[in-house]
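The sequence and structure come first.

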Amino acid sequence: MNADRHEAGFKNRTRLADAVDTLRGVVEPHGRVERVPLADADGRALAESVTAARDVPHYDRAAMDGYAVQASDTFGAGDRSPAVLRETEGDVGAGEAARVHTGSAMPDGADAVVMIEHLTEVGSEIEVFDAVAEGENVGPAGEDVAAGTALFDPGHRLRPSDLGLLRGTGVDAVSVFERPSVAVIPTGEELVDADPGPGEMVETNGLTVSRLAERWGARSRYRDVVTDDADELRAAIERDLDADVVVTTGGSSVGERDLVPDVVADIGDVLVHGVALKPGHPVAFGRVDGTLVVMLPGYPVACIVNAVQFLRPAIAALGGFDPAPHPTRQATLDGKLASEPGTRTFARVTVDDGTATPVRTSGSGILSSVALSDGWVAVPEDVEGYAAGETVTVEFWEGER
């Protein structure tokens, strides 16, 4: 055990931005690629650029209801001297017109469409009162997307609308980066699976973090609880070093039972321990045999805040994509938000009709303050809180409800 660390505590905490920079400096895309069908590609990051395999639409089509004609047959047509054309089916020759509907394939020989409003049907003939130019009221092949058009670059994270576009252009499978693997190890001798007794708590952090990791684009392993024993912690971490990231929850502070940073330091390197953010400054991360180890605090709110700040960008970097910014909204505070100078504070709020109400401004162990809130306000290090009535930016870190 590192006695100096336990005695010193967190007198010198790393600024959040510096800690994130350190993290990004040691995390690189894993580079593993697989080819998957479009139906399985939602949310996946492309490993190579994708181009359209065919035109969309793949044929010339009528853009209006009317008659397909040869434009030259309508030149000079007007109200007093309409062009008279013979109605036909199939190919269109000189002096002929074929009935079409919006979206119909253009008949061979036709190069324009006369709108139904600009003609009169007289028996087997039509009278055209308004001349059309070549290509008028025609949607050409490739009008939406031309074959060979570059659609998406490597690193683009596919959305459902992207999948529809790709399928329409003739792409049925794509090369994507494999989902990063994340092993989540909850720690603490007080944790149980169910029916807690006095001094015991039901394990929730591991469940929450493993599901967040899946949502953020990873494959997660949700491991059984490991007690506060250095040998058992070491064995658990070493067991999962084949993962891209090992995440521990609990045991990351400087108390007698906070053993995880010492274990990581013994078998690898601790790069950051103690970050100037609230709740959750006892976060740490390091590397063991090249595998990133993220050590999250045990208090539920602190655990979630730090997972968002560190695990989310790590998963994105490993998977070859940039994390999407959180949705935000401006709101007016109806209560005071306090913060600690020099510390990035994440204050939970609910939002209703443009008003942000603080849920609880302190208490990193109160899980309901996150679950029952809509988002949080990130108070910068150089701001000493916000007063009621001020306009703030609310981050919807789980998406808007």
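Is Trp376 buried or exposed? I find Trp376 buried, with a relative accessible area of 1%; buried means under 20% relative accessible area, exposed over 50%, and partly exposed in between (1.4 Å probe, protein chains only).

I note that this is a predicted model, in which local features need pLDDT of at least 70 and side-chain atom pairs count only at pLDDT 80 or more, while totals for chains, interfaces and linings use all residues. Residues are numbered from 1 along each chain as its sequence is written, and side-chain values use heavy atoms, with hydrogens and water left out.

Entry on aromatic pairs. I applied this rule: rings of Phe, Tyr and Trp (its six-membered ring) pair if their centres lie within 6.5 Å, and planes under 30 degrees apart count as stacked, over 60 as edge-to-face and the rest as tilted. The count comes to 3 aromatic pairs. I looked up Phe285 and Phe310, which form a tilted pair at 5.6 Å centre to centre with 45° between the planes. Phe285 lies in strand β20 (residues 284-288) and Phe310 in helix α7 (residues 300-319), so this pair ties together parts 25 residues apart in sequence. Helices (H or I, at least four residues) and strands (E, at least two) are DSSP runs, numbered from the N terminus. Both Phe285 and Phe310 are buried.

I then took Trp376 and Trp397, whose ring centres are 5.2 Å apart with planes at 10°, so the pair is stacked. Trp376 lies in strand β25 (residues 375-379) and Trp397 in the segment after β26 (391-395), so the pair ties together parts 21 residues apart in sequence. Trp397 is buried as well, with a relative accessible area of 8%. Ring pairs link Phe346, Trp376 and Trp397 into a cluster.

Entry on helix packing. I find helix α2 (residues 16-26) packed with α7 at an angle of about 25°, their axes 10 Å apart. Axes are lines fitted to C-alpha atoms, for helices over the stretch in contact, and angles run from 0 to 180 degrees between N-to-C directions. That makes α2 roughly parallel to α7 (angles under 35 degrees; over 145 is roughly antiparallel, 65 to 115 roughly perpendicular and the rest oblique). On the α7 side, the contact (heavy atoms within 4.5 Å) includes Phe310.

Entry on Gly250. Gly250 lies in the loop between β17 (245-249) and α6 (260-267). I find Gly250 buried, at 6% relative accessibility. Gly250 and Thr187 are 63 residues apart in sequence and 5.4 Å apart in space, C-alpha to C-alpha.
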